[in-house]
There are 2 protein chains.
Amino acid sequence: MKLLKGNIVFAPRLGELTAIERGALLLSDGGTILDVCKCVPEGCDAEVFDYGDALIMPSFADMHLHAPQYPMLGMGMDLPLLDWLNAYTFKTEARFADTDYARGVYRKLARELIAQGTTRVCMFSSLHTDATLVLMEELERAGVTGFVGKVNMDRNSGAVLRESTQESMRETLRWLDGCASFAHVRPILTPRFPPSCTDELMAWLGKLAGERGLSVQSHLSENEREIALVRELHPDCAQYWETYNKYGLWKDHTIMAHCVHSDARERAAIRRANVVAVHCPDSNVNLCSGVAPVRAMLREGLWVALGSDIAGGALLAMNRVVGAAIRASKLRQIQTDGADEFLTVAEGYYLASTAGHRYFGAGEGFVPGDALHAIVVDDRAFAESTRPLSLRERFERSIYLLDKTTIRAVWSDGRRVVG
Amino acid sequence: MKLLKGNIVFAPRLGELTAIERGALLLSDGGTILDVCKCVPEGCDAEVFDYGDALIMPSFADMHLHAPQYPMLGMGMDLPLLDWLNAYTFKTEARFADTDYARGVYRKLARELIAQGTTRVCMFSSLHTDATLVLMEELERAGVTGFVGKVNMDRNSGAVLRESTQESMRETLRWLDGCASFAHVRPILTPRFPPSCTDELMAWLGKLAGERGLSVQSHLSENEREIALVRELHPDCAQYWETYNKYGLWKDHTIMAHCVHSDARERAAIRRANVVAVHCPDSNVNLCSGVAPVRAMLREGLWVALGSDIAGGALLAMNRVVGAAIRASKLRQIQTDGADEFLTVAEGYYLASTAGHRYFGAGEGFVPGDALHAIVVDDRAFAESTRPLSLRERFERSIYLLDKTTIRAVWSDGRRVVG
């Protein structure tokens, strides 16, 4: 067995925080949580990881990001969505035809994710099958777990990034065959968004998802120009979500990034289907898309998680995405004259941890039976306080201030991958 | 002489960026800029600092921050302004009666400012004279230059942080006497804000400012509740700014932080007097104050600079405050249906550098005759790009991504203080 000693903090449910001073986590040899202990058990025969006064918290789950956009992080931020796609994104992604290039970028990204405390992802690759397999290898190697999708896009992608409908189908099958060898990273079907996929391809993907029991991730109602384009391409659909629904892609555990402009009817469709709305606050602000109605979604019982959405988002570190979500929610509170109350730090952290981990079957925070996904935060580097801080205060300060230099250890799927 | 070799980038005027690939800065022995060179001069007899392919850019000027709030950075962010002041701020500041405690915090803060590339500040201390002198010593020692103010507050500050009117006057004079020994840090008069100062104290400070030729810094129109309180306390003043004007505190080079709710009339008063409006976007969002009408201010010709406003702001690094200003401006663009266009990255950087340095008499970017204030950014740690980047792209990426680990050197007032 293994025993991790430290201050235990997790967000079991939205708005709730469990804080156990000088507690412990008891793990099996394989890294499954056996017990969350209010005080350190004595005399048990376990390998001890004594983190002293540090905070042991669930790691982050980044539920939407584009791996091949990592090289353009922090660039092109003065452009709106569709211009940004054409001027930067598609050209950058096109480079991933070169698997050697892909290897270098993806190795760096995977290590950076882990160093920043992100142990679970739902990630877009590019359309390239081989580079996608390289990405999955590098995630596995670094200790990142979750879902990765080869992107499907057989129209409207410009000259540099193109696959025919037949190629897209054939390569999707070849990619799925190649995924069998991975233990911690699994495939998820990934039509880029309706403007990039022909109806034929969408229908084929929906059928494949059903036959093979695969999940689906895509984008929804991000931006007004994009929504208008979808409406033009699918005049039979009253709302954006219906373009997925008509091809069997709108189902339990489908991941939909953004949902900035999802109105009450679209939100009801999200809730009914148990679709996950992934809020990407930094990206939505950077690209002037707007601020998603997160408070309304939560009030209505939707499943909301958080995504960095790099490189529309310029923040890879999920604690900073929590900060972005809180800040965006405060502006939305002002804008709605207080009707949509802002996200508290405990709520923001819940969205970035528990709500995401749940996608992979995990329970509410640290729960016996789950493989451990955790970060250990050493907050001694922050300025000396004027008085002893409560564990809740230390938690809040950590969310606002931590960076990879203050993350002392990272555990992913029961394995210690940093520290 | 000294010769700094590298890629030179600066923002001479709002929206303009000068980018010189493989250029150089020629300095006098004392660190005054003699020439900004398009190519490296040959055969000159100078000590060479070869920064290779790194970026040499003007350092940051943080035109509004509260030094004694550094210990509470990233805490209490779920509270609105006046509650936050009472629950956290006043109690934290009260601790600075202890100069030994102050020494430790201020040494850490001063070093952190320099490490993050901030070489000029306009800073609030607490009301404590001795701790303020300690702060000035520690800034000098670390290489931070600029203005520091002992705070005046003789009413409405609660039980823990209080000075009588007479004490406030006496201690202000004692503090000014103690400032004579500093070479790089000078005093600025600092009435906290009208609710914290009696009319008698305000009048005395206005008179002192005039007699001694001292500048003034304070807060203006941050938050609706605060504005209502000021109106109640000064029924003779139609607008917030008039409460300063009536006591001679509203004058050329007066620093006014926030100006979130300054309407066209108040903005015109700011412009007429050559008052500096310091935009503190992170603080204003964190405390739900709103987003200042920065685009309108710039259009109308106001002098706008940037402040971290820690610890209302949770970001000490000014490149991240630039990011906050850009993001806030994008939300304001959305809110105003495009009437207030967002700040570009070049504009945001201008506000955080040139617009602030100007307060201290500096010219438009790197200009012969000015003492060098610069950071050297090594961007090799960022992800490998898909193609060679332009210097402008590297500049943008640096503003979004740099942290102290990528700041290779810092020059302050002509002296090399890091690297």
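**Salt bridges, looked up one by one**

I started with Arg192(A), which is buried at a relative accessible area of 3% (buried is under 20%, exposed over 50%, partly exposed in between, with a 1.4 Å probe and protein chains only). This is a predicted model, where local features need pLDDT of at least 70, side-chain atom pairs count only at pLDDT 80 or more, and totals for chains, interfaces and linings use all residues. Residues are numbered from 1 along each chain as its sequence is written, chains are lettered from A and ligands numbered from 1 in the order in which they are written, and side-chain values use heavy atoms, leaving out hydrogens and water.

Next I looked up the partner of Arg192(A): a salt bridge joins Arg192(A) to Glu93(A), with 2.8 Å between the closest N and O atoms. The rule I used is a side-chain nitrogen of Lys or Arg within 4 Å of a carboxyl oxygen of Asp or Glu. Glu93(A) is buried too, at 0%.

Then I checked Asp53(A), which pairs with Arg394(A) in a salt bridge at 3.3 Å, N to O. Asp53(A) is partly exposed at 38%, whereas Arg394(A) is buried at 9%.

Arg22(B) is partly exposed at 48%, and Asp53(B) is partly exposed at 38%.

I also noted one network, built from salt bridges that share partners: Arg295(A), Arg299(A), Arg332(A), Asp340(A), Glu341(A) and Glu347(A).

How many salt bridges are there over all chains? I got a count of 60.
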